[in-house]
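Subject: Structure for you to look over, with notes

Dear colleague,

I am passing on the structure we spoke about, and my notes on it follow below. Please keep the model open beside this message while you read.

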Amino acid sequence: QIPKIFGAILAPWRFPMKRRRSLLSLVALGASGAAWAVPRRWLLPAAALGAAWPAQAQPAEEDVAMMQNALSSVRRIGDFPSKAALSNAEDELTALLARWRRFAGQVAPNELPAILRNRAAVKLRGSRAEEALADLDEALELCKKAKSDQLVQYDEMPKVLIARGGALRALRRYSEAVKDYDLAGDLFGEPDLEMLSGRAQAKVGLQEPAAAAEDFDAAAELLRLAGRRPEAEIEAERGAVQRMAAEDLLPAEEAFAGVIRRSVGLLSKDMGLLQRVVLADSDARMAMTAISWHKKQPEIAEAYWRDGCDRLTILADEATGKNLALGFADGDVYNCTRYASDSTWIREVRGWPQQAIGWFEDFLRNRDPSAAPRESYVQDLMAGKRPGEGSTLMDLAIATDVFRRSDPLADIQKNLQRDPLLQQERERAE
């Protein structure tokens with residue numbers, strides 16, 4: 001008896017259908033049809049995919065099982081991959097690749113490039129960009145040879161190009177990366193999130209901040225349309241930083257203020273994602289500190305500084321406790337002391353321009369620690385508004401801006417108890 005999953009996989013070869021799927025897509029779908037990484041454009045008419053594969057060329061059940069295991073090993077890598085997890089995933093993909101090379105010309109032409117692309121992603125996660133690029137170069141050549149197949153031309157090839165752009169970025173070959181992203185966008189024929197975000201980062205490397213900001217903003221808009229609001233604000237904040245780098249201060253200020261306003265009250269079951277949103281939101285407040293100081297608004301700058309510092313302190317405190325550091329890149333937990341002491345990190349990790357870093361450093365040197373901002377400014381910020389914009393207690397209640405949780409009263413009480421710690425951390429940073 002053939003198990004259901006293999007019956008589903010073999011069905012496209014045995015019965016006429018309006019749409020055929022490659023084996024790789026069907027394995028990714030599984031028996032239930034629930035996708036973990038289903039290509040967005042794999043549903044093409046049968047005529048576009050060419051003739052059915054010969055029955056004698058069908059991979060055996062053990063081949064399908066090998067593919068399932070390899071893809072599962074990639075999924076298990078997670079946000080903080082261990083060397084063992086990366087090595088296991090690469091070994092399984094390498095074995096799968098060797099097996100699938102025997103089926104060259106007998107299986108869907110997108111499958112070998114897809115396996116190479118997955119192995120390249122694993123290598124890139126292991127900081128082996130040159131080796132990843134070699135896999136992607138081979139995958140791209142295979143796609144070019146099969147470009148008459150629409151599944152390859154309009155789905156796998158742009159995916160390979162986007163992955164190749166990421167490898168080229170890791171090697172600081174930014175111009176080549178932008179070319180790959182542009183070609184991928186042309187092939188997709190519609191906006192693509194990964195392409196826009198990757199191209200934006202490549203343009204940052206080329207020191208083209210205005211163009212980078214446009215791509216970050218476009219990526220943020222795609223995420224909003226998809227209902228992925230937390231991720232949208234992360235991209236929007238990156239765009240605001242690039243507007244600041246382009247010395248386009250008014251749009252940058254408006255963009256940072258928009259991120260702060262929209263981030264208030266965001267909810268998600270994904271703790272790592274929430275941490276990343278708070279980090280982006282806090283970075284926006286730190287950037288507004290620098291901009292406000294530059295505009296000769298010391299009280300507003302002080303309000304942003306204290307508020308951003310307190311948020312980072314609470315986040316760092318919780319990231320070393322029950323919530324873990326899921327949203328901190330490489331588990332590197334930091335608070336506002338990092339902003340006050342490491343200008344290289346602000347420039348290279350947060351992407352700030354040197355001019356804005358100078359404004360921020362001037363603020364830290366010349367601020368008056370005894371001049372606390374008025375309470376109304378603090379309330380405005382908690383409600384997601386600009387200091388001095390004006391807010392009511394109702395605004396504050398609606399915002400429930402106590403790290404986006406469902407029990408704001410309990411969290412307010414907890415944060416009040418934290419006041420001595422927050423004050424201590426601010427003083428240490430200052």
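Among the contacts in the protein chain with a separation of 6 or more, 63% are between residues 24 or more positions apart, where contact means heavy atoms within 4.5 Å. The model is a predicted one, in which local features need pLDDT of at least 70 and side-chain atom pairs count only at pLDDT 80 or more, while totals for chains, interfaces and linings use all residues. Residues are numbered from 1 along each chain as its sequence is written, and side-chain values use heavy atoms, with hydrogens and water left out.

The protein chain has 22 helices and zero strands; both are DSSP runs numbered from the N terminus, helices being H or I with at least four residues and strands being E with at least two. Of the 430 residues in the protein chain, 50% are buried, and here buried means under 20% relative accessible area, exposed over 50%, and partly exposed in between, with a 1.4 Å probe and protein chains only.

Two helix pairs come next. Two packed helices are described by the angle between their axes and the distance between the axes. The axes are lines fitted to C-alpha atoms, for helices over the stretch in contact, and the angles run from 0 to 180 degrees between N-to-C directions.

Helix 7 (129-145) packs with helix 8 (residues 150-170) at an angle of about 160°, their axes being 9 Å apart. The two helices are therefore roughly antiparallel to each other, since angles under 35 degrees count as roughly parallel, over 145 as roughly antiparallel, 65 to 115 as roughly perpendicular and the rest as oblique. The crossing of helix 7 and helix 8 is left-handed; a crossing has that hand if the near helix is turned anticlockwise from the far one by less than a right angle, and is right-handed if clockwise. On the side of helix 7, the contact includes L133, L136, L140 and C143, and on the side of helix 8 it includes V152, M157, V160 and L161. By class, this contact has 14 nonpolar, no polar and four charged residues, where Ala, Val, Leu, Ile, Met, Phe, Trp, Tyr, Cys and Pro count as nonpolar, Asp, Glu, Lys and Arg as charged, and the others, Gly among them, as polar. C143 is buried, at 0% relative accessibility.

Helix 15 (residues 298-319) and helix 19 (residues 375-382) have axes that come within 10 Å and cross at roughly 50°, and these two helices are therefore oblique to each other. Their crossing is right-handed. The contact is made by E299, I300, A303, Y304, D307 and R311 from helix 15, together with Y377, L381 and M382 from helix 19. Sorted by class, the contact of helix 15 with helix 19 has six nonpolar, no polar and three charged residues.

A disulfide is a covalent bond between the sulfur atoms of two cysteines, and it is assigned here to a pair of cysteine sulfur atoms within 2.5 Å. By this rule the count comes to one disulfide, which joins C309 to C336 with an S to S distance of 1.9 Å. C309 lies in helix 15 and C336 in helix 16 (residues 336-341), so the pair ties together parts that are 27 residues apart in sequence. C309 is buried at a relative accessible area of 0%, and C336 is likewise buried, with a value of 0%.

Some single residues remain. S127, in the loop between helix 6 (111-125) and helix 7, has a positive phi of about 60° although it is not a glycine, and S127 is exposed, with a relative accessible area of 70%. E247, in the loop between helix 12 (229-245) and helix 13 (249-263), has a positive phi near 60° and is also a residue other than glycine; E247 is exposed at 60%.

S391 sits in the loop between helix 19 and helix 20 (393-399) and counts as buried, at 18% relative accessibility. Leaving aside its neighbours within four places in sequence, S391 is in contact with Q379, D380, A383 and K385.

Finally, R365 of helix 18 (residues 354-366) counts as exposed at 58% relative accessibility, and its C-alpha atom is separated by 10.0 Å from that of A340, 25 residues apart along the chain.
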